[in-house]
Amino acid sequence: MGLVEQVLAGDRLALARLLTQIENDTPEGREALDRLFAFTGRAHLVGVTGSPGTGKSSLVNQLARAFRQPEDGSDPVRVAILAVDPSSPFSGGALLGDRVRMRDLSGDPDVFIRSMASRGALGGLARATAALSQALDAAGYPLILIETVGAGQSEVDIARLAHTTIVVESPGMGDDIQAIKAGILEIADILVVNKADRPGVENTERALRAMLDLGHPAAHKHGPSLGAGEAEPAAEQGWVPPVLRAVSTRGEGVAEIAAAIRRHGEYLRSSGLWQQREKLRLESELDALLRDLLARRWRAGLDEDLYRQTFDGLLQRQISPLQAAETLLRQAERETSNPTRAS
Amino acid sequence: MTEQNIRVLIAKPGLDGHDRGAKVIARALRDAGMEVIYTGLRQTPEMIAEAALQEDVDAVGLSILSGAHMSLVPRVMELLRAQGQEDVCVFVGGIIPERDIPALKELGVRAVYGPGTSTAQVVEDLKQAVFCPPAA
């Protein structure tokens, strides 16, 4: 039995090994992903992001518990967690410490935690995070919690990957101008003010609500009634991100956040936004792959001498980088002159 | 495989609360370009084995200063073997009496490091062990 079959049969060691293959972008990993793709598209991907030290790992730990032991009598859900921490820009090594806050989940065979190093990617995730989430999706985890690198203002890749994005703030992290800046707060589907037992929680909450008021004035007054089934951006206004308080070390407020995640999932499905996001995501993934593969193939077919010659010209500042690129492209086009291109 | 892809779990089984050594080693391995998964204090052998499995690590470093190594280490080794990870390189650091070292090696522990070990030594041994696993 191959790795793929073992993974589909629920073998956890096979899954762990496959994740390594995919993360290292080996031929085995790529082939396995091809075969697993048919089994993906079922999981709800939930991103958890926010500044370092706001309590993301503790919140993920508590959320996983809330979905494993629901208080409202709903069925427990199998949970996978992908926790990304930064790689050193100098050594390439990494210290992945998110498990320290996730010890409560140990011993539950229906929770699978995997730490990832960002390996030089800058958007708050690793390059392979999307691929790993596909493997976990195919392995039958209907809920995948993705914890990003401690993010500042612009690490927003998670919003493209996840269906639901939770942005975690904590008291004392800046004034209301921080809150209306572009970037990370814009991507929130759910806002959590963690460490809500600390002073200043009202201010943080007020700043976040004020920010939402500026962004969704109509939606805020009329409630989430707009455009069910519409694939317009306007339909997005039908969801106003809730601002929820939590003390994740004690589990306070976590059931409400779990409920908001479920509500957001239902909202996406009933409004048609789920398919729309899926479509956008696959489209951008396909585009990125095409760019990547085309560039690689084109580069492999390029005359090395010509490349070196052109590069020398660039190095001596006889031509600009753009001129160099155009020279090489023109040369390659002349050589390949493809008859089907004229359409 | 490159150094960047070496994944090491650093764990502290048992009840003593001294994690300075574990942190120093974790940091040294990080600086050597490895990916270190740090689990924190007071891990049971079951928690360590589970983390080793989910993280698909190449090596597990156990830091023990409590004197309980002769009961904790065999249990970790047994669990790793039972879940099909007998190829994982296990090393132990901390306060380990000289006379216990042969028994630990007998269990399959690759190296035992006492106080005064240089971190460079650990890094070098670990690269050796991961790149050239022993003939089974």
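## Strand pairing between the chains

L95(A) stands opposite V36(B), a residue of β2(B). The strand β2 of chain B covers residues 35–38, and β3(A) pairs with it in the parallel sense over 3 bridges. Strands are said to pair if DSSP finds at least two bridges between them. Helices (H or I, at least four residues) and strands (E, at least two) are DSSP runs, numbered from the N terminus.

The model is predicted: local features need pLDDT of at least 70 and side-chain atom pairs count only at pLDDT 80 or more, while totals for chains, interfaces and linings use all residues. Residues are numbered from 1 along each chain as its sequence is written, and chains are lettered from A and ligands numbered from 1 in the order in which they are written.

## The side of chain A that touches chain B

In chain A, 25 residues are in contact with 25 residues of chain B; contact requires C-beta atoms, placed from the backbone, to lie within 7 Å. On the chain A side, α2 (12–23), β3 (94–96) and β4 (111–117) each supply at least two residues. The largest share, 6 residues, comes from α2(A).

## Domains of chain A

Chain A is divided into domain 1 (1–35), domain 2 (40–273) and domain 3 (287–336), with bounds from an automatic or database domain assignment. The centres of domain 1 and domain 3 of chain A, taken over C-alpha atoms, are separated by 36 Å.

Methods. Two residues are in contact if their C-beta atoms, placed from the backbone, lie within 7 Å.
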